[in-house]
Number of protein chains: 2
Amino acid sequence: MCRCEALPRPFWATQRIAPTELFPPEVTTVSNQIPLKIIPLGGLGEIGMNIIAMEYGDDIIVIDAGLMFPESYMLGVDIVIPDITYLKKNSEKIRGIILTHGHEDHIGALPFILREINPPIYGTRLTLGFVREKLTEHKLLHQVSLNTLKPRDKVVLGSFEVEFIRVSHSIVDGVGLAISTPAGVVIHTGDFKLDQTPVDGQVTDLNKFAEYGERGVLALMADSTNVEREGYTISEREVGVTIDEIFRERSRGRIFVALFSSNIHRVQQVIGAAMKYGRKIVFNGRSMLANVRIARELGYLSILDESIVDIKDMHKYLLDEITIITTGSQGEPMSALMLMSMDEHKYLKIEKSDTIILSSKFIPGNEKTISNLINHLCRRGADVIHEKVSEIHVSGHASQEELKIMYNIVQPKFFIPVHGEYRHLATHARLVRKLGLPEERTILMEDGDVLELTGDSAVITGKVEAGRIFVDGKGVGDVGEMVLRDRKHLSEDGMVIVVLVINKQTGEVVMGPDITTRGFVFVKENSELIDESKRIVLETIGTGNIEAKTDWSEMEIEIRKALRRHYNKKMERKPVIFPIIMEM
Amino acid sequence: MCRCEALPRPFWATQRIAPTELFPPEVTTVSNQIPLKIIPLGGLGEIGMNIIAMEYGDDIIVIDAGLMFPESYMLGVDIVIPDITYLKKNSEKIRGIILTHGHEDHIGALPFILREINPPIYGTRLTLGFVREKLTEHKLLHQVSLNTLKPRDKVVLGSFEVEFIRVSHSIVDGVGLAISTPAGVVIHTGDFKLDQTPVDGQVTDLNKFAEYGERGVLALMADSTNVEREGYTISEREVGVTIDEIFRERSRGRIFVALFSSNIHRVQQVIGAAMKYGRKIVFNGRSMLANVRIARELGYLSILDESIVDIKDMHKYLLDEITIITTGSQGEPMSALMLMSMDEHKYLKIEKSDTIILSSKFIPGNEKTISNLINHLCRRGADVIHEKVSEIHVSGHASQEELKIMYNIVQPKFFIPVHGEYRHLATHARLVRKLGLPEERTILMEDGDVLELTGDSAVITGKVEAGRIFVDGKGVGDVGEMVLRDRKHLSEDGMVIVVLVINKQTGEVVMGPDITTRGFVFVKENSELIDESKRIVLETIGTGNIEAKTDWSEMEIEIRKALRRHYNKKMERKPVIFPIIMEM
């Protein structure tokens, strides 16, 4: 399976270090010569867009290549990807991209990154299954080398030896990483939780983490997403129990279950409940169909062909014989669920006997659209079950007690919280300090920081170019903060265009002013305002000083000022004003 | 205190009905003649903007007059108020506006409504204290009649007799209402919870609700805000315990507590902790200063003058001698807290020893700005405590078990869930049906619906004009859905203006095309795109058919189409395009 295993191992990787010899002097000596650099390019300062570079001498490995979904202020932006200028500049050093799991915030930037750099990619089977689908879509598959590893497989990439360690998460086939380097071992947890009863029985491989812990770990990078939650994260299997209950109680009507299509375990649990209570299954949504296909092909999802009904054949079954597993749990405007809720779907119509389960998180920022979806579904009389009223969703990330366990098992010399906004990283650092790690060994980094590690020191020595690149339609990076500022301004009070033609010689207004507005006021009821605006423009030109009269760009500024003053005083609004003067 | 008590009582209000005679035939007979109408004009279909009209014959009373804060799609809108066309049309019938408590979603629309209608206003002391402040600000106080009632006071307003019933909530001096009418008694809970240990010891007056319950209640309107929460809402006093703990543990550095200024009980609890641990208090924020002043004047807040330090004198004290009680808990951009977090405040600077407590809800829609605030504060090294990591906030609204108690005590014939989006109303109706009320007696209404109640029937008989009016700057109602659609469109991909002057006779382009964009692309790096756009405009004019050449508005449409096609194909973007052709 893993052709990487055949590669030669570096001298130091074979050497066994006894537990009693943690950080022995010889390792320190070696590592003092060249520091190990850890350079996060995304995910330390935001939730999403995870990507971290590790550099030793002439070798770089990259961990994950994720995207981020835009925040509300990023108007019109479709997705956000990390700035990989540093990787482009050092592309000849890059030995590989290692993917911890198949979520978009870990693999979603690959199609963009692989247009710039093209190192081999390493991941587990399902992760690469999802990547293959994505790269096929972007017509990039032919150029890329995809290398499958299993948990406990190792691969040598230049000075790095990377071992995959099984972790449980809300997607199948996730791993953490043990990265052995001449400076010491760095553990990266990936996204993880300590689910003791995961659906596939594959618990987080604490034994392997423990083995490294005993041998001595230089630094631990650990998932901070849920660090604000006390206690333990509930097992995915508990959701299965809730789903089973709902299916048992509802013998009439259809049951819709909306969830993230990558959550294969949850899909499996819904399939199980449907089978048990004699229902056929309709899969709906493009990504649901794709991910179910991939997971079935690779053996991660078990369902008989005869249990699946095409959406077009649904009418052949009674309502209580049907379960629909669908996307659209975030209230996406064009999703089947949203269309149905507004009674605008081609085939499907919500019935009063329908039960709709939204088995996913209300992602912050989507609260309002999800709420709209629920309101509409309730209006059609459906019974809607969601995470606010039922234990129908659990997180895939470790809570505080699990994070403590991971830390105590790995016993790192230095601790680097990753995957989170600054507040999460800071809270994680605080948590670990309470477990006894001195403050100077908890490293709070942000995107672009360069951390240099030797066997016994960790210093942030500089910063590389890093940040967020906005993707808007086909444009990558042509929308920046300035364009967003303009969009925001336009969105708040709309705009006013003033066009007029002026006789160059006499300074007389030959045509216009014509006034066009959009998003400012409801024009039909405000013709008075338009007339006032015209008067103010003409007055401004009439009283303009001589300089302005010979420099029309100066006059445009005057007109803008006069109108701005007027609108602000009269209406307390600040539309964007475009005076356009053309000279004859 | 209550000069209303002196008014004559209507004939039926004096009549006592024995508990055994619930809904006796004579009441039914009377009420059959004229139905009681309940007409919600806001708050049934949204959280906020609460206002309900009740009408009997020639008498109308109005319950609350709240505003709503804009949802994210309401770009540029400052606040949202209810459409009160129905009240304007029937202004001569209105006998009074009754306020249940002083929150903005119950009193915030008053300044707008009182410009249209001017009935007397009834409320408790603190509620009217807040109203007085608001009306003074809007220069409306002189025209308004404010009438103070205490809990268990009654007032007769035409055919209605209204009794105030103490309820506990996150603001002091809230009440529910018992509204006796010839058709029967209607109970309105106001916003309430069953806090058994409220800070002022004033528990919800279940005895009074019970008295009405025994006598027979026609309809119950009950707060649905927290209907999705199981169990009981935690007591406000528990927050006091948490606050005390935080103060005890932090003997070094300042403590900031950010909360809603109307939450007088919480302010009192923070004052208590500050006193206990020997700290002075600085109040900060305009609304905090105003509400603390009002609450002190009216005796709802107890603090010694010598405990208060002006923000300008703060430097005279050691850090650990100071507590700052401030607004800004929602990450408002210009709040002191936000400015400090970004190191941009005039006097105040965050120190590493500071503790900042955000003692309020993360209101959906504000999550991102609050998160930004926390991130910045963490970056300055402060210890930030908020509702996600500590029991530092409790809700003021009843959870499911409390709602069940209220229903079972009042035993209404009909149940009308109020205060919520449709999902909350539907869930509340479902909850009450589980307690045994038949489906046809749970009335799901939305804003504008007209419910006609007699002693034994409840029918929605029609709809009146109702809805949301957007306030943007000084404009009330001049921004509608169409303007918002335009703002949204502008916000997504920006705009492109094309101006050119054409010779009317020859159809030749005399000047231009000039292209201006905003929020579209970063122009400096896209001069090529501008050149292309110009070329496309000229080509379109060149190939335009004869009709178009004589009808320039037709040509404008052609240009818009051509550019739209081009941008969509090349960039997958859809800016708003304004072709402006001027003819010479």
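Which residues lie nearest the centre of the second largest pocket? They are A:Arg250, A:Asp383, A:Val384, B:Arg430 and B:Lys434, out of 37 residues that line this pocket. The model described here is predicted.

## The second largest pocket

The space in the second largest pocket comes to about 1100 Å³. Its lining draws on both chains: in chain A, α7 (236–249), α11 (367–379) and β17 (383–385) each supply at least two residues, and so does α13 (422–434) of chain B. The largest share belongs to α13(B), with eight residues.

Sorted by class, the lining of the second largest pocket holds 16 charged, eleven nonpolar and ten polar residues.

## Cavities

How many cavities of 30 Å³ or more does a search of the whole structure find? The search finds three. In general, empty space is found by rolling a probe the size of a water molecule over the atoms.

The largest cavity has a volume of about 120 Å³. It is lined by 17 residues, and A:Ser168, A:His169, A:Ile171, A:Pro198 and A:His265 are the closest to its centre. The lining of the largest cavity consists of seven polar, six charged and four nonpolar residues.

## Chain A as a whole

Chain A contains 25 strands and 17 helices. Its C-alpha trace spans about 90 × 70 × 50 Å along the principal axes.

Chain A has 584 residues, and 60% of them count as buried. Its contacts can also be sorted by distance along the sequence. Among those between residues at least 6 apart, 72% join residues at least 24 apart.

## Helix α9 of chain B

Helix α9 of chain B covers residues 286–297, which is twelve residues. From the first C-alpha to the last it reaches 17 Å, close to the 16 Å expected at 1.5 Å a residue. After the helix comes B:Gly299, which has a positive phi near 80°.

Which residues of α9(B) are buried? They are B:Met288, B:Ala290, B:Asn291, B:Val292, B:Ile294 and B:Ala295.

## Backbone exceptions

Most peptide bonds are trans, and most residues other than glycine have a negative phi. The cases below depart from that pattern.

In chain A, the peptide bond from A:Gly512 to A:Pro513 is cis, with omega near -5°. A:Pro513 belongs to strand β24 (residues 509–518) of chain A. In chain B, the bond from B:Gly512 to B:Pro513 is cis, also with omega near -5°, and B:Pro513 sits in strand β24 (residues 509–518) of chain B.

A:Asp64 is not a glycine, yet its phi is positive, about 65°. This residue is in the loop between β3 (59–63) and β4 (79–82) of chain A. Is A:Asp64 buried or exposed? Its relative accessible area is 1%, so A:Asp64 is buried. A:Gln411 is another residue that is not a glycine but has a positive phi, about 45°. A:Gln411 is placed in the loop between α12 (400–410) and β18 (412–418) of chain A. A:Gln411 counts as partly exposed because its relative accessibility is 37%.

## A buried loop residue in chain B

B:Asp173 lies in a loop of chain B, between β9 (160–167) and β10 (174–181). With a relative accessible area of 7%, B:Asp173 is buried, since the limit for buried is under 20%.

What does B:Asp173 touch, not counting residues up to four places away in sequence? The residues are B:Thr100, B:Thr124, B:Arg125, B:Leu126, B:Thr127, B:Arg166 and B:Tyr300. B:Thr124 is 49 residues from B:Asp173 in sequence, but their C-alpha atoms are 6.3 Å apart in space.

## Cysteines

The structure has zero disulfides over all chains. A:Cys378 counts as buried because its relative accessibility is 11%. B:Cys378 counts as buried because its relative accessibility is 10%.

Key
Residues are numbered from 1 along each chain as its sequence is written. Chains are lettered from A and ligands numbered from 1 in the order in which they are written. This is a predicted model: local features need pLDDT of at least 70, side-chain atom pairs count only at pLDDT 80 or more; totals for chains, interfaces and linings use all residues. Side-chain values use heavy atoms; hydrogens and water are left out. A disulfide is a pair of cysteine sulfur atoms within 2.5 Å. Buried means under 20% relative accessible area, exposed over 50%, partly exposed in between (1.4 Å probe, protein chains only). Helices (H or I, at least four residues) and strands (E, at least two) are DSSP runs, numbered from the N terminus. The expected span of a helix is 1.5 Å times one less than its number of residues. On a 1 Å grid over the protein atoms alone, a cavity is a set of points where a 1.4 Å probe fits but cannot get out, and a pocket is an open set with protein on both sides within 12 Å along at least five of seven lines; lining residues have an atom within 4 Å of a point. Grid points are joined across faces, edges and corners, and a volume is the space filled by probe spheres set on the points. Ala, Val, Leu, Ile, Met, Phe, Trp, Tyr, Cys and Pro count as nonpolar, Asp, Glu, Lys and Arg as charged, and the others, Gly among them, as polar. Contact means heavy atoms within 4.5 Å.
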